[in-house]
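I opened the model and kept notes on what I looked up. The entries follow in the order I made them.

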Amino acid sequence: MTTLSFPSYFSNLTLQPDSDSDPDSLSQPQSDNTTTETCPTPGSGMTRDTALHHVSFNQDHTCFTVGTTQGFRVYDCDPVQEMFRRDIDDTPGGIGFVEMLFRSQILAIVSRGSHAPPTKVLMWDDHSSRCYGELSFRSDVKSVRLRQDRIVVVLAHKVFVYDYVSFKLLHQIETAPNPSGLCEVSQGVGPNMVLVCPGLQTGQVRVDHYVSKRTRFIHAHDSKLACLGLTQDGRFLATASSRGTLVRVFNAFDGSLIQEVRRGAEQAEIHSIAFSSTAQWLAVSSDKGTVHVFGLKIDSGALGTDRSRGASEPSVSKLSAISSLSFFKGVLPRYFSSEWSMAQFRLQEGLRYIVAFGHQKNTVMILGMDGSFYRCKFDPVHGGEMTQLEYYNFLKPEESS
């Protein structure tokens, strides 16, 4: 375990802004009198009570990262175990956001402290224990998404896309107010990146296809967007609004509605949406304390075929799916013709949980802001209540079972 000094992060690399960069993006040089990177011995920060600011899975759901009042931690998902942690004494407030790049030791970090305010994204290489890049902005960073070739930074009204190697600003997008930092990017190999984020209108999703240089707008909901989910290859998109009763699944290439599923009848705050690797299943968590798994009517064969296309988009015919809306649509109220979840797992109501599908067949992993990790299994035929396979408290391992 190592205690890091945040001011010394800034001595490793200076990033100059492009001449045509937006004024909200300020990759500013640091002074030459900063100290050389050091790793002091653990200090008093190790003994303070730890609270969570952020939890997230990496892109392939093999690891998860935790931002705390003391620093950040990285865990392996299977088996659940701490891989490494870094505690930072001189950053009161700790780490507000940390995004891991697959299973590498590269992380994007957003601090909550005065020395590194939440207007900065620090690119951290844990292998060499140094910050190799910094991106600065005029307003707080809401979230960061990483690909092997891109860094995507989300502010309350803008999204910035940078080249991963040169840190050159490639694209900037204006959005509707986005306090939650909603944004997802595809993770396929090659340049065919798909990025989804809020559009400029309420309930609108913007879908950018970077190879074809096409932008599509989908009117997903009448109320504000609350959550987005995207398949790894960017072909399918799931959305939820601030009402939190319905989740809609769209074809990301032509914008058509594929399926609509119902989480519940009462309003809820949707915390996360996750597709399984084959897009056969969709998991949803909310503040109501129940994780739902829905069956999707998507041609999973199309998802796995022709992945090497690269510069060309898949044909719409391969992405076609049978609409899930009932035969009685338009005759009975939508509530009665809705598709409901086939499997559920009950948790404490009011807490924030995020979900991902595990690499074990028919399993779901759940991370809670109370330090909980659950691994559950669902019956793909009969559904019903999921079976808990594992519980781990990553804040208090001694209480795990």
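Is C227 buried or exposed? I found that C227 is buried, with a relative accessible area of 5%. Buried means under 20% relative accessible area, exposed over 50%, and partly exposed in between, with a 1.4 Å probe and protein chains only.

Before going on, I noted that this is a predicted model, where local features need pLDDT of at least 70 and side-chain atom pairs count only at pLDDT 80 or more, while totals for chains, interfaces and linings use all residues. Residues are numbered from 1 along each chain as its sequence is written, and side-chain values use heavy atoms, with hydrogens and water left out.

**Entry: cysteines.** I looked for disulfides, counting a pair of cysteine sulfur atoms within 2.5 Å. The count by this rule is zero. I checked C197: its closest cysteine sulfur is in C183, at 5.5 Å, which is too far for a bond. C197 is also buried, with a relative accessible area of 0%.

Entry: Strands here are DSSP runs (E, at least two residues), numbered from the N terminus. I looked up strand β18, residues 225-230, and found six of its six residues buried, so the strand is largely enclosed by the rest of the structure. Two strands pair if DSSP finds at least two bridges between them. β18 pairs with strand β19 (residues 236-241) over five bridges in the antiparallel sense. Across this pairing, L230 stands opposite L237 in β19. The hairpin of β18 and β19 has five residues between the strands, and G234 there takes a positive phi near 75 degrees.

**Entry: a four-stranded sheet.** I traced an open sheet with the order β10-β11-β12-β13 and antiparallel pairing. Its edge strands are β10 (143-146) and β13 (169-174), each of which pairs on one side only. I then looked at β12 (residues 158-163), which is joined to β13 by five bridges, the two strands running antiparallel. K158 has E174 in β13 as its bridge partner.

**Entry: F64.** Where does F64 sit? I found F64 in strand β3, residues 63-68. F64 is buried, with a relative accessible area of 0%. I listed its contacts (heavy atoms within 4.5 Å), leaving out residues up to four places away in sequence: F64 touches, among others, F57, Y75, C77, L367, F373 and F394. I also looked up F102, which is 38 residues from F64 along the chain, and the C-alpha atoms of the two are separated by 9.7 Å.
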